Amino acid sequence: MNASFQINDPRAAIEADRAHVWHHMVQHKPFESADPRIMVEGRGMKLWDITGKEHLDAVSGGVWTVNVGYGRERIADAVRDQLVRLNYFAGSAGSIPGAHFAQALIAKMPGLSRVYYANSGSEANEKAFKMVRQIAHKHHGGRKSKILYRDRDYHGTTLACLSAGGQKERNAQYGPFAPDFVEVPHCLEYRAFEQGHGDLSGADYGRAAADAIEAVILREGPDTVGALCLEPVTAGGGVITPPEGYWPRVQEICRKYDILLHIDEVVCGIGRTGTWFGYQHYGVEPDFVTMAKGVASGYAAISCCVTTEAVFEMFKDESDPLGHFRDISTFGGCTSGPAAALENMAIIEEEGLLENTSRMGTRLMGNLHALAERHAVIGDVRGKGLFCGAELVSDRDARTPADEKRVQAVVADCMAQGVIIGASNRSVPGYNNTLCFSPALIATADDIDRITDAVDGALGRVFG
Ligand code: PLP
């Protein structure tokens, strides 16, 4: 398939971008001598940039977002129809697509019943944090305001979300942060030895890692802790899948100390791991679930903070003029978001994309394991559904993290081959060395093989 776009004056677009656009997460100095990358068109799993180069996108829009693939006209049509009918009214009122999407979503989330709309993952997480804080004020005499987050997890870019951020490289130089966010240790079995748990594996390590959360709760005082916020599978921190035993123990601990469990499904939500939500693999019963990226696959900006009827009921005290949730988000009431999300969900159901994700995820994991047999630099392969990672090490026995520059060289080599892959977040050795794969849920066996073939070639060239 060829790109259908016409670019009248690519040079003018590049120069306008170079002169005026500040790209996300990017060091701009190199753009003084090289062109910034501009993406122009997408169809299915493929993307074309402004030079006309075709790419196979193995990271769903760079940040695990475009779950149903590019160029979905029926989503665009639904958004257009809705915008023409009613583009906007504030979220203090309801909307037809907002009502129907909330109902459809809740049908996938037994035990939960209320959807609060916002625009981004960060914002959805802040909503949950604010609900926890208001519950603390209203129902616990101001205690239980502490929110626990985990080392290596990421919950967003605002200052409150960074306060709950376990990725030091993202937080550096942006403090001071909000008080009463407290870190708990991460749970990465491959690096358990770094936590003094080298002798433990599987469920034993999973339980020990969860026990470490309990130790923090006891240190802080259980009556001060309101919520625990975790990613079901840690994304940018290195595609960290939990071992058996971890989640049941986490749930037990939350119940024991009356701590609300907030699962950040901003990446895993809406099919990425082969179930509607990542937590559903582990039998967890959360109090809050936040989601964003795959909710409308990037066709519209929408995020959701979903909670239980019990939490919702706590905000209904009419005797207190301040007792309801006094939060607003201008664009959280936009109708195009839920209109896109409804179509996105329908596509996933009609095309059997959850099943495809499980099948193709198994293939991707199999291919990565096969690569690990031939490339000693692959120390660990992790994943769930179409959300996989390969951790690179320079010494398999010592598990010494591979040098970041060489990890990035593998990403660049794949890019040169026309395959876009990702790598875990930069700068901190031990956490910047995982190659990340999150193709759209429509990926075929050929797509998966092409991705791992590109990695095979790149590893050979970069690591020999
Ligand atoms: N939570 C997780 C797990 C994420 O990976 C991200 C973004 O990558 C966010 C929250 C923040 O989402 P957003 O960038 O939409 O604010």
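Okay, let's start at the ligand: helix α5, residues 121-139, gives the most to the shell around it, three residues. Helices here are DSSP runs of H or I, at least four residues, and strands are E runs of at least two, numbered from the N terminus. Bear in mind that this is a predicted model, where local features need pLDDT of at least 70 and side-chain atom pairs count only at pLDDT 80 or more, while totals for chains, interfaces and linings use all residues. Residues are numbered from 1 along each chain as its sequence is written.

So who sits around the ligand? There are 16 residues, and Ser120, Gly121, Ser122, Gly156 and Val266 come nearest (a residue is near if its C-beta atom, placed from the backbone, lies within 6 Å).

Now the inside. The largest nonpolar core has 125 residues, and Ile147, Leu228 and Cys304 are among those with the most contacts inside it. A core here means buried Ala, Val, Leu, Ile, Met, Phe, Trp, Tyr and Cys joined through C-beta atoms within 7 Å; buried means 20 or more other C-beta atoms within 10 Å of the residue's own, placed from the backbone. Helix α14, residues 445-463, gives this core the most, seven residues.

Take Leu228: neighbours within four places in sequence aside, Leu228 is in contact with Leu148, Ile213, Cys254, Ile259, Leu261 and His262 (C-beta atoms, placed from the backbone, within 7 Å).

Zooming out, the protein chain has 14 helices and 16 strands. Buried residues are 49% of its 464 residues, and the C-alpha trace spans about 65 × 60 × 45 Å along its principal axes.

Conventions: Buried ≥ 20, exposed ≤ 12 C-beta atoms within 10 Å, placed from the backbone. Contact = placed C-beta atoms within 7 Å.
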